[in-house]
Amino acid sequence: MSESKPGSPRAYKQELKRDLSLWENTSLVVSATTPATGAFIIAPVLFGLNGTGAAITFCIAAVLGLSLAYCWAELGAAYPIAGGDYTFIARILGRAPGFVSMFITGPVQAVLIPAVVALGMAEYLRVVIDVNANVLGAVIIIGGAVIALFGVRLNAITVTILLVVEILAVVLVAVAGFINVQRPVTTLLHPQVIDASGVASPLTLSALVAGIAVGSFAYNGFQGALIFSEETVGARRNVARAVFIALGVAVACEVFPVAAATLAAPSLAELSNSGNPWRYVLTAIGGDTFNTVISLGIAVAVLNAVIALMPYYARILYSTGRDMAWPGPISRALDAVHPKYGTPWLATILVGIGGAVMILSSDVATLTTWTGALLAVEFILVAASALVSRLRNPGLDRPYRMPLWPLWPVVAIIMSIAVLSQQVRADLVVAGACVLLALVYYVFYLRPRGETHFLMLAPPDEDRRESAAERA
């Protein structure tokens, strides 16, 4: 299927409430990127996988993130539609790849990623609440869904306030670590993996590449500006601006605290093999009281991520219903918008319930590695779209154009393929099963109903008017 032509008479109706400023959009996106989650929930997985190479893994993952940021910025500004990735992949690469993207970024990630965040938050809350982490995580994610029902602007205001706490927690931990360094900074440049008995071995290239998938998961979400594009006031270039701002904040919030922990930990073996590396480091630096205070700050910071992720994934599910990606009754239900708050209410509820169920049946490490493999597949589709779009439709209106095209899409594809090649069999099976399931559904249900289902219309009229004003 070729790209939609600008000015198509068939366009989506503007139903979502358009009242987000650039900075409110950016606050939501930075919070959805969950910098605190990357540092305090996903980084411990990397400490176990890559040892002292965790910080350098985050740096290399940032290169992949930057290459994808250029792709998302250009395509998101050209297609300002709430569904995100699949909305431009389907228009550029075709409906089948588009549905694969929709399935990965919609129902699959909508239950996986909020579950990782809420479950990780529960671990930090347990310093003061002695309850089962899975049960507490389920309660947290349901609470985030309830908040998300009352309007995206309320979400933006809430997460902006909590984002200050989140950044302060990250900064405080990084500063405390750098003040209490135990070893030279060159430790970061010679990465080693340390087993439980303290025996160190050099980090292999294959392990480093595999770790990039986990590092990429920590940055995932900075493309969220695309999700809120139908609710953002102003020129479509604001979508691109929000993407780069969110990525920059995420990289800083992952690299510095992880580097500080590596340099400050009294024992690298304990850091790499602890069930809770941050509890170990924080207790070693300032004692139990310091660990309790910072853990509560981390919990508040991660709560911010839960609140931000609910409307993020709810809008993807809303868009799939609007595009009739499912049987009629399901699509119409997902397409429902609350008459007062202007939010996709049923989609929001489903994200909360699905995440709660996933939390009650899994653990952080498993969910993280599954998601890392799925993200690599999605990254290839996004980068391929950035390549094909310029070739297939060079005259498309692009409020933002990436520099040095096609360098960035090529880098993203090469790095993503390398990451996939190093994933463990179980994670590849999960990713492959998701792709296969999506293709089977597309071939046997959607393709025969091409005239009525999975429709790709033009952006809402207001976005097209803005585009015309920008050109004038």
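Because the model is predicted, local features need pLDDT of at least 70, side-chain atom pairs count only at pLDDT 80 or more, and totals for chains, interfaces and linings use all residues. Residues are numbered from 1 along each chain as its sequence is written, and side-chain values use heavy atoms, with hydrogens and water left out.

**Confidence**

Start with pLDDT, the predictor's confidence in each residue, from 0 to 100. The protein averages 81. A score of at least 70 is reached by 87% of the residues. Helices here are DSSP runs (H or I, at least four residues), numbered from the N terminus. Among the elements, helix α16 (residues 425–446) has the highest mean pLDDT, 93. Helix α17 (residues 461–471) has the lowest, 49. A contact means heavy atoms within 4.5 Å.

**Salt bridges**

Side chains of opposite charge can pair when their charged atoms come close. A salt bridge is a side-chain nitrogen of Lys or Arg within 4 Å of a carboxyl oxygen of Asp or Glu. The structure holds 2 of them.

| Salt bridge | Closest N and O atoms |
|---|---|
| Arg-390 with Glu-74 | 2.8 Å |
| Glu-74 with Arg-398 | 3.2 Å |

Glu-74 lies in helix α3 and Arg-398 in the loop between α14 and α15 (407–421), so this pair ties together parts that are 324 residues apart in sequence. Glu-74, Arg-390 and Arg-398 are linked in a network of salt bridges.

Are these residues buried or exposed? Buried means under 20% relative accessible area, exposed over 50%, and partly exposed in between (1.4 Å probe, protein chains only). Glu-74 counts as buried because its relative accessibility is 0%. Arg-398 is buried at 7%. Arg-390 is buried at 14%.

**Cavities**

Rolling a probe the size of a water molecule over the atoms shows where empty space is left. A cavity is a set of points, on a 1 Å grid over the protein atoms alone, where a 1.4 Å probe fits but cannot get out; lining residues have an atom within 4 Å of a point. Grid points are joined across faces, edges and corners, and a volume is the space filled by probe spheres set on the points.

How many cavities of 30 Å³ or more are there? The count comes to 5. The largest cavity has a volume of about 100 Å³. Its lining has 13 residues, and Asp-85, Thr-105, Gln-223, Tyr-312 and Ile-316 lie nearest the centre. Helices α5 (95–125), α11 (277–322) and α14 (364–392) each supply at least two lining residues. Helix α11 gives the most, with 3 residues.

**A buried alanine**

Ala-250 is part of helix α9 (residues 237–264). With 1% relative accessibility, Ala-250 counts as buried. What does Ala-250 contact, leaving aside its neighbours within four places in sequence? Its partners are Thr-33, Pro-35 and Tyr-219. Pro-35 is 215 residues from Ala-250 in sequence, yet their C-alpha atoms are 5.0 Å apart in space.

Notes
1 Å grid on protein atoms, 1.4 Å probe; cavity = no way out; pocket = protein on both sides within 12 Å on 5 of 7 lines; lining within 4 Å.
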